[in-house]
Amino acid sequence: DVVFELFIRNYFVWPNRSMARLQHTVVAIVRAEYQSKLLHKMTTSFSLTPKELTILKRGRNAGGGSSTRKRGPKRLHSKKSDGGSSDASIYQDSTAFEALIGYTYITDKKRCMDMFCWIKTQLEEEENDGNNQ
């Protein structure tokens with residue numbers, strides 16, 4: 001969790017932004033919803049190794065648990081009625097994403113940097129799409 005947030009904070013600190021704007025931007029990206037979105041993009045357009053896929057599966061399962069005990073942020077406890085991803089699925093995806101980033105950070109810094117470069121490209125594309133609208 002902290003590895004990804006530190007990467008995002010470093011990415012957005014320049015150009016100089018007000019602290020409130022920086023905090024707002026970082027929080028929007030390190031939220032479970034955005035991490036889930038990134039994970040889905042990553043699994044389709046970034047070549048993950050079999051070991052990394054196993055880490056995702058284990059990390060995703062770690063986010064589950066008893067149906068009577070709710071995990072994750074309270075904003076994810078309400079039921080979706082719009083046909084989107086279930087709240088539990090979003091939380092499990094974000095847990096898997098964080099597990100993958102943490103695992104690669106500890107075991108293979110170069111691979112972790114490859115993932116961060118891919119994430120940076122995704123952020124830049126979103127920024128460019130936002131500026132072109």
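Analyst: Happy to! Let's begin with accessibility: buried means under 20% relative accessible area, exposed means over 50%, and partly exposed lies in between, with a 1.4 Å probe and protein chains only. This is a predicted model, in which local features need pLDDT of at least 70, side-chain atom pairs count only at pLDDT 80 or more, and totals for chains, interfaces and linings use all residues. Residues are numbered from 1 along each chain as its sequence is written, and side-chain values use heavy atoms, leaving out hydrogens and water.

User: Is Cys 112 buried or exposed?

Analyst: Cys 112 has 1% relative accessibility, so it counts as buried. Cys 117, at 45%, counts as partly exposed.

User: How many disulfides are there?

Analyst: A disulfide is a pair of cysteine sulfur atoms within 2.5 Å. By that rule the count is zero. The cysteine sulfur closest to that of Cys 112 belongs to Cys 117, and at 9.9 Å it is too far for a bond.

User: Thanks! Now the charged pairs: how many salt bridges does the structure hold?

Analyst: The general idea is that side chains of opposite charge can pair when their charged atoms come close. The rule for a salt bridge is a side-chain nitrogen of Lys or Arg within 4 Å of a carboxyl oxygen of Asp or Glu. The structure holds eight of them. One of these joins Glu 5 to Arg 9, with the closest N and O atoms 3.1 Å apart.

User: Where do Glu 5 and Arg 9 sit in helix H1?

Analyst: Helices are DSSP runs of H or I with at least four residues, strands are runs of E with at least two, and both are numbered from the N terminus. Glu 5 and Arg 9 are four residues apart in helix H1 (residues 2-12), so about one helical turn separates them. Glu 5 is partly exposed at 25%, and Arg 9 is partly exposed at 27%.

User: Which residue does Lys 120 meet in a salt bridge?

Analyst: Its partner is Glu 124, at 3.2 Å from N to O. These two are also four residues apart, in helix H6, which means about one helical turn lies between them. Glu 124 is partly exposed at 31%, as is Lys 120 at 36%.
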